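Please look at the sequence and the structure as I display them.

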Amino acid sequence: MAHPITPLSPPLKDELDIVIPTIRNLDFLEMWRPFLQPYHLIIVQDGDPTKVINVPDGFDYELYNRNDVNRVLGPKASCISFKDSACRCFGFLVSKKKYIFTIDDDCFVAKDPSGKEINALAQHIQNLLTPSTPLFFNTLYDPYREGADFVRGYPFSLREGVSTAISHGLWLNIPDYDAPTQLVKPRERNTRYVDAVMTIPKGTLFPMCGMNLAFDRELIGPAMYFGLMGDGQPIGRYDDMWAGWCAKVICDHLNLGVKTGLPYIWHSKASNPFVNLKKEYKGIYWQEEIIPFFQSIVLSKECTTVQECYVELSKYVKEKLGSVDPYFQKLGDAMVTWIEAWEELNPPKEAAAAAEPKSVKKEEPSPKSK
């Protein structure tokens, strides 16, 4: 049974990157300083690359703008979205760490019911470092949390669980609603703090939100592609959903776990529902076909790596969803480009060692750092 992480030294300090997509100054980090300052940040600047983004003093960070994306990826930069928070996945691509925590710049530190500030990152780490139980539901939720265990009737053969690939956190204050729900409930706020973490069962999809999310990059990183969204695309605000559907299908195939629940952040700002409706309206229709598509996917036994699964999935996307809209042909191609970019920047360790002398000429990401 895993023990709770002690706060003596920042857990996973040298094994975790924090990825933040933004178009504005990162003053929100001041509130997060006690929890995030020890860690390395990868900031992906969206929009106008000439705009100067200010980062509070004392943070260790790299900052990439669109010019950097184009320089690092060359022609493959076409797979990275522009003018959409989907650009965050570029940070996943260039990171060299085992774990990623990604957070939006309108997410503040939340408080639990006792008034204590919540260290969201520490809870995500706890979720990731303890197993998941996707094959059999435990009615006391996460059995690896302090004060919980497997209930009577839980098979002993399944109590080891499986490795956790994704930790999906939630939000107090502004809920993550779609535009129609926002319009119907403009004043609704989430005040319910549910002290629970649970594994999403195998075979069950979920709507993944990217604003408070952590994952094991080595286990599932290549599947965390946030698609083609925003500028020049017919859809937006489905970037994290797309990544979640793809990643969950692949986690199920590879026997990996996904947890949801704690930690909470405080979501401070509601986006404009009319703007959101313009971005979402095609997705609202398309998802009625997308979801059955993902529910019916059976990946072949020959697919034993995330990359192999993802390339096979891209073929199904073009084959099965291409008739819904030509956009899905384009998206399927972008999924393959993403994997090519991933393998270029993240070669297998053996291949990387063999190519060491030649790799000097390859251009490494060299962002503005501090």
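Predicted model: local features only at pLDDT ≥ 70, side-chain atom pairs only at ≥ 80, totals over all residues.

Which residues of helix 1 (residues 29-36) are buried? They are Leu-29, Trp-32, Phe-35 and Leu-36. Seen down the axis of helix 1, these buried residues fall within an arc of 100 degrees, so they line one face of the helix; the arc is that of the directions from the helix axis to the C-beta atoms. Buried means under 20% relative accessible area, with a 1.4 Å probe and protein chains only. Helices (H or I, at least four residues) and strands (E, at least two) are DSSP runs, numbered from the N terminus.

Residues are numbered from 1 along each chain as its sequence is written, and side-chain values use heavy atoms, leaving out hydrogens and water.

What covers the buried residues of helix 1? The cover includes strand 1 (16-22), strand 2 (40-45), helix 4 (120-129) and strand 9 (257-267).

Let us turn to the whole chain. Eleven helices and ten strands are present in the chain. Of its 370 residues, 53% are buried. Among contacts (heavy atoms within 4.5 Å) with a separation of 6 or more, 75% join residues 24 or more positions apart. Finally, the C-alpha atoms of the chain fill a box of roughly 55 × 55 × 50 Å, taken along the principal axes.

Technical notes. Buried < 20%, exposed > 50% of the residue type's maximum accessible area, 1.4 Å probe, protein only.
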